[in-house]
Number of protein chains: 2
Amino acid sequence: MNFTQQQLFHFTKNVFIKCGMNEADALLAADVLIAADLRGIDSHGVARLSGYVRLYEANRANMNAQHKIIHETPSTATIDADQGLGLVVAPKAMDLAIEKAKNVGTGWVAIQNSNHFGIAAYHALKALPHNMIGIAMTNASPLVAPTFSKQRMLGTNPICYAFPAGKHLPIVIDMATSAAANGKLEIAQRTNKPIPNNWVQTKEGNESTNANELANGGSLLPLGGHKGYGLASLVDLLCGVLSGANYGPWVPPFVSFLKPIENLPGNGIGHFLGAMRIDAFRPTQDFINNIDNWIDAFKNAERIDEKQPVIIPGEPEFILEKERKINGIPLNEKVIEDLKALATKYNLEF
Amino acid sequence: MNFTQQQLFHFTKNVFIKCGMNEADALLAADVLIAADLRGIDSHGVARLSGYVRLYEANRANMNAQHKIIHETPSTATIDADQGLGLVVAPKAMDLAIEKAKNVGTGWVAIQNSNHFGIAAYHALKALPHNMIGIAMTNASPLVAPTFSKQRMLGTNPICYAFPAGKHLPIVIDMATSAAANGKLEIAQRTNKPIPNNWVQTKEGNESTNANELANGGSLLPLGGHKGYGLASLVDLLCGVLSGANYGPWVPPFVSFLKPIENLPGNGIGHFLGAMRIDAFRPTQDFINNIDNWIDAFKNAERIDEKQPVIIPGEPEFILEKERKINGIPLNEKVIEDLKALATKYNLEF
């Protein structure tokens, strides 16, 4: 069943307002969530709305958060998000990174005391209209075991880099540092299909092709083995340790039914955002011309299967966004039920 | 057969001097190369010395290079390496990044018109005594095929992030973005052992466990599939496109017997270096305490096999470095022959 972007956007905004968020912040949070649905990252869109509400009800998300800059240099800042939603603070922090880049070439903002920020690409993409490269990372609650361990110590910790192009769509590299993101695992769970043996391990640390092993106490595996453990670690160190947020096994869970650990070493979860002005390195038009040439070269790279061209990172998401803006966003029944329950609860139409 | 660090260092320095390099630059280049041997990245150490000499003889490496800053803002610079060795320009560029970080919090230097810079970790580690995080990346000649392609379009494009610690060794994440680095492949070639089926593909794009398929016209595969293609791309875009160097299939080969393509879109190969002051984000001691806590937590993570603890990224290299400083550096026969030939050629002792 398909819903229009406008329908989902207004409903989401109104739910956040019912939770005590001001209208400007609610518009922003709704925009970030719906961007996920438009771009096909369905696990990070309205499917999570009821989760944010439950976090609020458990007093673990501050809908009235007043973020503040607690540390600053010309090219950096650290923000305390006041236990608000990452959906709200991250776009504002990205604006600050962009301002700093305008002044001194690059801007970097670490954020502590936050909650999940939706899709990383939303934040990184904000840099592109300014002819900047955008960078966004976040840590997340532990699901991934480091190499040689059976313990969940790291989140799926995504990395996103977005590069502006000229005649082509921008290049957007946006990836979890685990072998598979949760979304893919959930699809396998619903269809009861076997998964590749490098996605999850059992709680004893054994190989498995069963998507349900995560629910049985197993853990996700890092992308490509120990290198993915390194990548997830670097995201955790920048987002968690550098910002003063929690890190590793202490990152608070998104789901409200899991209680956070006591005596945490930091505040909330953490993000790390960056903006680099192209013309802080070379003339913008020269860069754009080379990016377009890069894209042409990769699109024309020799194919293994004549029918399957090389895909430019980010391209499928832009194509889907265009299509879903016209044809609407499909939601599965479980998500629709969730949203209907929220509508009843807050006396809203859905 | 083992050689002392001093022996290899002096010999390497003298070879570079014989090629017309001034003494200060030769000391630097030798230091970078020997660091690779000490840290166990044997493929990137003195094993490559004769390769650098051949590049010089082919008029493709300028041993008398005068690098210059061609673009600059308070937090950024772009350097033209004057066709010199990355071994020489990269440490100097890192000093510039560190200076900029001292002034405005972070410093970022893109380098064009360079040649290979040795191990990324050498450059990133330079930031640590300044209580900064160090970042180093380089693009490299194409060996890796993007997903769905059988064409070599990307280098093994390494990423390195180094983080200072307190009571513990620093955390150093230093990894090729291909599934396996060349070094591992070469070992498999020498021993004629099968390799995992996700390391290389044949020239037709078929799966293979034969390490020789690369020599047969095949290609390396990106780390963990399409995500590794994304990672290698982001390194290429920062090092190649942002700096004005070559990128993708146009990155000039390291080996002198392969001629570079004509009408290249950029200059030489490219690097991207960064330094971020810890106290541009939070008090240094708070960060160091949390890093030590992070390391303790990961070292103590539940093991799958009681005898195999979790490894902190970078730890094995520091341990090997300490050991090799005492017991010397083992070189294989092929490398010893290579160095002896250089000794004869330049009338040096080895």
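**Figure 1. Two domains make up chain A.** Domain bounds here come from an automatic or database domain assignment. Chain A is split into domain 1 (1–64 + 314–350) and domain 2 (66–178 + 222–313). This is a predicted model: local features need pLDDT of at least 70, side-chain atom pairs count only at pLDDT 80 or more, and totals for chains, interfaces and linings use all residues. Residues are numbered from 1 along each chain as its sequence is written, while chains are lettered from A and ligands numbered from 1 in the order in which they are written. Taken over C-alpha atoms, the centres of domain 1 and domain 2 of chain A lie 21 Å apart.

**Figure 2. Where the domains of chain A touch.** Two residues are in contact if their C-beta atoms, placed from the backbone, lie within 7 Å. Domain 1 of chain A puts 23 residues into the contact, and domain 2 of chain A puts in 23 residues. Helices (H or I, at least four residues) and strands (E, at least two) are DSSP runs, numbered from the N terminus. On the domain 1 side, the elements giving two or more residues are helix H2 (23–38), helix H3 (49–57) and helix H9 (315–327) of chain A. H2(A) gives the most to this side, with seven residues. By class, the domain 1 side has 13 nonpolar, four polar and six charged residues. Ala, Val, Leu, Ile, Met, Phe, Trp, Tyr, Cys and Pro count as nonpolar; Asp, Glu, Lys and Arg count as charged; the others, Gly among them, count as polar.

**Figure 3. Helix H1 of chain A.** The expected span of a helix is 1.5 Å times one less than its number of residues. H1 (residues 5–18) of chain A has 14 residues and should span 20 Å; its end C-alpha atoms are 20 Å apart, which agrees. A residue is buried if 20 or more other C-beta atoms lie within 10 Å of its own, exposed if 12 or fewer, and partly exposed in between; C-beta atoms are placed from the backbone. Buried residues of H1(A) include A:Leu8, A:Phe9, A:Phe11 and A:Phe16. The buried residues of H1(A) pack against strand S1 (2–3), H2, H3, strand S12 (329–330) and helix H10 (333–346) of chain A. Just after H1(A), A:Gly20 takes a positive phi of about 100°.

**Figure 4. Helix H2 of chain B.** Helix H2 (residues 23–38) of chain B has 16 residues and should span 22 Å; its end C-alpha atoms are 22 Å apart, which agrees. In H2(B), 12 of the 16 residues are buried, so the helix is largely enclosed by the rest of the structure. Among them are B:Asp25, B:Leu28, B:Ile34 and B:Asp37. Their cover includes helix H1 (5–18), helix H4 (86–104) and helix H5 (120–125) of chain B. Just after H2(B), B:Gly40 has a positive phi of about 85°.

**Figure 5. The nonpolar core.** A nonpolar core is a set of buried Ala, Val, Leu, Ile, Met, Phe, Trp, Tyr and Cys residues joined through C-beta atoms within 7 Å. The largest one has 242 residues, and those with the most contacts inside it are A:Ala29, A:Cys160, B:Ala29 and B:Cys160. Leaving aside neighbours within four places in sequence, A:Ala29 is in contact with A:Phe16, A:Met21, A:Leu85, A:Leu87 and A:Val88.

**Figure 6. Chain A meets chain B.** Two copies of a chain are related by a rotation about an axis and a shift along it. Copies are superposed by least squares on the C-alpha atoms of residues with pLDDT of at least 70 in both. Here a rotation of 180° with 0.0 Å of shift along its axis superposes chain A on chain B (RMSD 0.0 Å). That is the relation of a two-fold axis. Of the residues of chain A, A:Gly224 comes closest to the rotation axis, at 2.3 Å (C-alpha). The contact takes 62 residues from chain A and 62 residues from chain B. H8(A) gives the most to the chain A side, with eight residues. That side divides into 35 nonpolar, 21 polar and six charged residues. The copies meet through the same surface, because 100% of the interface residues of chain A are also interface residues in chain B.

Figure 7. B:Ile278 sits in the loop between strand S11 (269–277) and helix H8 (284–299) of chain B. Not counting residues up to four places away in sequence, B:Ile278 touches B:Asn131, B:Met132, B:Ile133, B:Thr284 and B:Phe287.
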